[in-house]
Protein chains: 2
Amino acid sequence: MQIGFIGLGIMGKPMAMNLITAGFTLTVFNRTATKCSPLVEAGAVAVSSPREVAERSDVIVIVVSDTTDVEAVLFGDEGISAGLKPGQIVIDMSSISPAETERFATRLRDKRVEMLDAPVTGGEKGAIEGTLAIMVGGNPETFTSCLPIFEAMGKTIVYAGQSGSGQKTKLVNQILCAQHIVAMADGLRFAREAGLEPETTLKVVSGGAAGSWMLSNLAPRILENDFAPGFRIRLQHKDLRLVCEALKDMRGSYPATELAYRLFTEAVENGLGDQGTQGFINLFKDKDNN
Amino acid sequence: MQIGFIGLGIMGKPMAMNLITAGFTLTVFNRTATKCSPLVEAGAVAVSSPREVAERSDVIVIVVSDTTDVEAVLFGDEGISAGLKPGQIVIDMSSISPAETERFATRLRDKRVEMLDAPVTGGEKGAIEGTLAIMVGGNPETFTSCLPIFEAMGKTIVYAGQSGSGQKTKLVNQILCAQHIVAMADGLRFAREAGLEPETTLKVVSGGAAGSWMLSNLAPRILENDFAPGFRIRLQHKDLRLVCEALKDMRGSYPATELAYRLFTEAVENGLGDQGTQGFINLFKDKDNN
């Protein structure tokens, strides 16, 4: 099976590499062409447009940053849709708007091309180790036919429902992640301000009902002043933007999620966008001292 | 060693029972005297005031609900302090104000009595199984001398620092718990409103970076409409009140913690106080439908 792969960033590159390792033949494209080199060395063919990727592939995987990037790859000048043939499959593994995802899928279905939305969690580490969680929306038969592809990149692979459901599931994930990051910052700052020893406090609270993945994995990095990105603040902020866009069409009241979005917006505005999400705590550095 | 035990509620009763099992001799008091019966059957002596408990004990353990309850037990009419002798130890395992805790400890130190603050987490289940986490503030030598008592009731026993530090550590725990409960409610409600299958969503998000103890342990109960209390909303609300009282003396900005307090206040006002904390999601039942 010929696989096309578009977007060789922090996540895309190791995901594409795992497809090659699993025995798939890859045609790759990246806006910054030099990023194709390691894949070409591993056996992939690099081409100079999404259209050419589509012309050479049965299934085209997209891993880019935001809704407008996916739209450009699909329908822009020299985009995939210029080279698509009926029966091909597009798998969008970016994290983008569920509503736009549904529209993109409808437009492609007019060309008799099925699109799956398949965003991931697990970060760069999960991408490298092939242990990502992948949440998939779209046609269930198309999902089944793509399972070997997903299994080369991830460990927990879940069919979430019709088109857009993968993206919606990812937003649930990000609602939780964002609030857990905010909670972690409040807890650690309270401990520090109250004169507690942060390591001792962390030890006793993280093992019980107050425990979270964030607390176990990122709080120790905060205590070491390590704010290097696993997952960047500006991407967490982007995902919260997608959440709040989706909330406009919903009836419910989500004040804590909206507060998290405002706080992450402040964090980006304060220049923290390229720190890892654990760097969110630095938003309060000046505030706490005033 | 003669142990006195005051407060035989959901937590106190099994904790006292574990002390008897570990071989300690107990004198017990409870405001509602009938609650003493199971302890008396197990070998404890029941008396009719905190003062009498103090007269018969080397170490007096207190497990009641709130700051004013502890104050009444210590310094009220027929309170402990009327029966205290120099060299005795008071261990307050209630969750109360850190600032008041320090004042109580100072007043007792004037009588040459050391007081440890030693609030717990782990719920009724942890109390019964003797697996509580116990965070202890006060004199370090007093802490060491009381370790056998703590070890009869808990598993993770941490010395947190000077008087009040146990209570402060508990507040950090509750800041995290409360926000994780709010996040869980937002995540599950978003999933439901977006038309996702809650079980599938929960499965994929709870295993990764979005995971929390709350999500693993309480979200399944929400999906089963089981709102029976492990830990009651009104106690989580009380702990958030203690947090917000403590914040008045701090410089930092804690908007998400304050929001959680407002939301839990609403939950209590809406009659949810005696549901388990997973019942917090029911606060939004009417809101989401309007």
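**Contacts between and within the chains**

Between chain A and chain B, 22 residue pairs are in polar contact, both residues of each pair being at pLDDT 80 or more. The contact residues on the chain A side are 34 nonpolar, 17 polar and eight charged. Salt bridges between chain A and chain B number zero. The structure is a predicted model, and the values reported here were computed from it.

The interface of the two chains draws on 59 residues from chain A and 59 residues from chain B. The size of an interface is often expressed as the accessible area that is lost when the parts come together. For chain A and chain B, the buried area is about 5100 Å², and carbon and sulfur atoms give 69% of that area. Several elements of chain A each supply at least two residues of the side that touches chain B. Two of these are strands, S8 (132–137) and S9 (154–161). The helices are H8 (165–193), H9 (198–206), H10 (213–217), H12 (233–247), H13 (255–269) and H14 (284–289). Helix H8 of chain A provides the largest share of this side, with 20 residues.

The arrangement of the copies was examined next. In general, two copies of a chain are related by a rotation about an axis together with a shift along it.

Within chain A, the domain assignment gives domain 1 (2–161) and domain 2 (169–289). The C-alpha centres of these two domains of chain A are 29 Å apart. In the contact between them, 13 residues of domain 1 of chain A meet nine residues of domain 2 of chain A. The area buried between the two domains of chain A is about 910 Å², with 57% given by carbon and sulfur atoms. On the domain 1 side of chain A, the residues that lose the most area to domain 2 are A:Asp66, A:Ser95 and A:Met135, which together account for 37% of what that side buries.

Across this interface of domain 1 and domain 2 of chain A, five residue pairs are in polar contact, with both residues at pLDDT 80 or more. The domain 1 side of chain A that touches domain 2 consists of seven nonpolar, five polar and one charged residues. One salt bridge is found across the interface of the two domains of chain A. A salt bridge joins A:Arg241 and A:Asp66, with 3.0 Å between the closest N and O atoms.

Side chains of opposite charge can pair when their charged atoms come close. Over all chains, the whole structure contains 26 salt bridges. Another salt bridge is formed by A:Lys168 and A:Glu102, whose closest N and O atoms are 3.8 Å apart. Because A:Lys168 lies in helix H8 of chain A and A:Glu102 in helix H5 (residues 98–110) of chain A, this pair ties together parts that are 66 residues apart in sequence.

How values were computed. Residues numbered from 1 in each chain as written. Chains lettered and ligands numbered in written order. Predicted model: local features only at pLDDT ≥ 70, side-chain atom pairs only at ≥ 80, totals over all residues. Heavy atoms only, no water. Domains from an automatic or database assignment. Contact = heavy atoms within 4.5 Å. Buried area = accessible area lost by both parts, 1.4 Å probe. Salt bridge = Lys/Arg side-chain N within 4 Å of Asp/Glu carboxyl O. Polar contact = N/O pair within 3.5 Å; in protein donor to acceptor, adjacent residues only side chain to side chain. Nonpolar A, V, L, I, M, F, W, Y, C, P; charged D, E, K, R; others polar. Helix = DSSP H or I, 4+ residues; strand = E, 2+ residues; numbered from the N terminus.
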